[in-house]
Amino acid sequence: MSASNLYHPIEPDLQNDPLDCPDDAMQPTMNPAGEHTVGAEGTADSYFPGDAPTFVPFELQELFPAPNAPLSIKPRSWAKLWAIAVAVTLACFLALVVVLLALDKRCSTSRCPFHFSTPVNATLADWRLVVLAGQSNMVGRDTRLAPGDPGDPGDPGVWAWDDFEGAWGAARHPLKHLDYFEKPHGAGPGPRFAQELRRHLASLTPPGAPPPVVGVVPVAFGGSSVLHDWDPDDPNGVFARAVESIGRAGEILPLPPGGVARLAAVLWLQGETDCWDGEVTTAEEFASLTQRTLEALRRWAVIRLQRGSPPPPKQGCFGDAAAPVIVAGTLSARLAKNCRSAAAREGVVNGGLRSLPARMDGRDASGGARNATCGVRVVEVDAIEGAEMEDIGDELHLTAHSLAEVGQAMADAAEPCVCY
């Protein structure tokens, strides 16, 4: 293909030429190389400014207009842009509708703070809340429990806080304690305790009125130490994480206007790690550390969870009007690998736990008389009537059935201290 066929000059608009060049100045000429040019080389009447002529192939003339030519978009291009904008807007709108519908379906059961169309059930106007704290036997490591087996409440009036989803929902094993994504979770004593507590509250409820909802807040952490991890003054410890979780549970509690939420109890199963480590050497020291933790935990739970002003408690029933009851459980002798020795288990940990009622409210470990002010009660795990503790085969963790029995015994100890 010859140069004359490959390259052609762009015809100038002589009628609107701002330079008003003479006609002969815009006539094509030949340069020394035998190529067509327009205008005089290096002069102002070159169509493209500069010292050298510019050549534009036919293939590029439509893509590269003259330097000073006004930019414009063809009507067909505008139509395409409008069509794309409309399609993107519709897609975003549809995606938003899908998200809102999904949230509405999920929140219709009050599992999160967003409620779009489903009102809060009137039975959610009265809550009794329970904090579950301690270490692995409060969590439960027996994963063989299926729904409906002992310890699984199956009660629509028993709810559980899920800190990882940020939502309240029906209490089912496994509850999500603080170490949920770090260690296996099975069935602990919390759901059985909550189920029995709801039955107790139903017996106190006036005829025709629904019993309060029982909500559990699981904040235990396997392998945690009362000496180190449950120190209330440590901003990075398990105690701090527990208080944060309790606070979120209180903020998102699906409580309608005028409703009441009260802290009913704090459950505590802990001591194995301190018994094994040997850093705590006396019952006095262990009791002092545990008392410090439980008093601070109960105080923060009252602040973060309680809402509304409940009526005065019924005569002969104590607890909710003053300090919510704390129920602790001793270490079982069945779990031989939880302590460095039997002497450490009985002399340090269990001895310290048994002294808590006298230290904290001047009563014996059984809680004293029914008409006494409730504070702390201690359950002797190995002395639960009609129950024999069994481990899951590791001599560290109790079975789901055994922990259900522990939850039942804790409920029996707490019931005189929890009012309607």
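Which elements of the protein chain have the lowest and the highest mean pLDDT? I start there since what we have is a predicted model, and the answer is that helix 1, residues 3-6, has the lowest mean at 45, while helix 6, residues 238-251, has the highest at 95. Over the protein chain as a whole the average pLDDT is 76, and 67% of the residues score at least 70. There are two stretches to treat with caution: residues 1-10, where pLDDT stays under 50 and the model has 15 contacts beyond four places in sequence, and residues 367-372, where pLDDT also stays under 50 and the model has 11 such contacts. Where pLDDT is low, the predicted coordinates should not be read in detail.

Now to the overall picture. The protein chain holds 11 helices and 9 strands, and of its 420 residues 47% are buried. If we take the contacts with a separation of 6 or more, 73% of them are between residues 24 or more positions apart.

Next, the interior. In soluble globular proteins, nonpolar side chains tend to be buried together. In this model the largest nonpolar core has 47 residues, and the ones with the most contacts inside it are W127, V131, W168 and L305. Which element gives the most to this core? That is helix 8, with 8 residues. Apart from this core lies another one, of 38 residues, which includes A265, V327, A409 and A414.

Helix 8 deserves a moment of its own. It runs over residues 283-305, 23 residues in all, and reaches 32 Å from its first C-alpha to its last, close to the 33 Å expected at 1.5 Å a residue. As for L305, if we leave aside neighbours within four places in sequence, it is in contact with L129, V131, V217, I246, A249, G250, A261 and L263.

Let me turn to the cysteines. A disulfide is a covalent bond between the sulfur atoms of two cysteines. The model has 1 disulfide, formed by C275 and C339, whose sulfur atoms are 1.9 Å apart. The pair links distant parts of the chain, 64 residues apart, with C275 in helix 7 (residues 272-277) and C339 in the loop between strand 8 (325-329) and helix 9 (342-354). The torsion about the S-S bond of C275 and C339 is about 120°, so the disulfide is right-handed. Are these two cysteines buried or exposed? Both C275 and C339 are buried, whereas C92, with a relative accessible area of 51%, is exposed, because the cut-off for that class is over 50%.

Two loop residues remain. D163 sits in the loop between strand 4 (158-162) and strand 5 (167-170). Why does D163 count as buried? Its relative accessibility is 18%, and buried means under 20%. Leaving aside neighbours within four places in sequence, D163 is in contact with S245 and R248. The side chain of D163 makes polar contacts with both of these side chains, at 3.5 Å to S245 and at 2.8 Å to R248.

The other residue is L227, placed in the loop between strand 6 (213-218) and helix 6. With a relative accessible area of 22%, L227 is partly exposed. Beyond its neighbours within four places in sequence, L227 is in contact with D274, E279, V280, L289 and R292. The C-alpha atoms of L227 and G271 are separated by 9.7 Å, although these two residues are 44 residues apart along the chain.

To close, I would come back to confidence: pLDDT stays under 50 over residues 1-10 and over residues 367-372, whereas helix 6 has the highest mean pLDDT among the elements, at 95.

Notes: Residues numbered from 1 in each chain as written. Predicted model: local features only at pLDDT ≥ 70, side-chain atom pairs only at ≥ 80, totals over all residues. Heavy atoms only, no water. Helix = DSSP H or I, 4+ residues; strand = E, 2+ residues; numbered from the N terminus. Buried < 20%, exposed > 50% of the residue type's maximum accessible area, 1.4 Å probe, protein only. Polar contact = N/O pair within 3.5 Å; in protein donor to acceptor, adjacent residues only side chain to side chain. Contact = heavy atoms within 4.5 Å. pLDDT = per-residue confidence, 0-100. Disulfide = S-S within 2.5 Å. Expected span 1.5 Å × (residues − 1). Core = buried A, V, L, I, M, F, W, Y, C linked by side-chain atoms within 4.5 Å.
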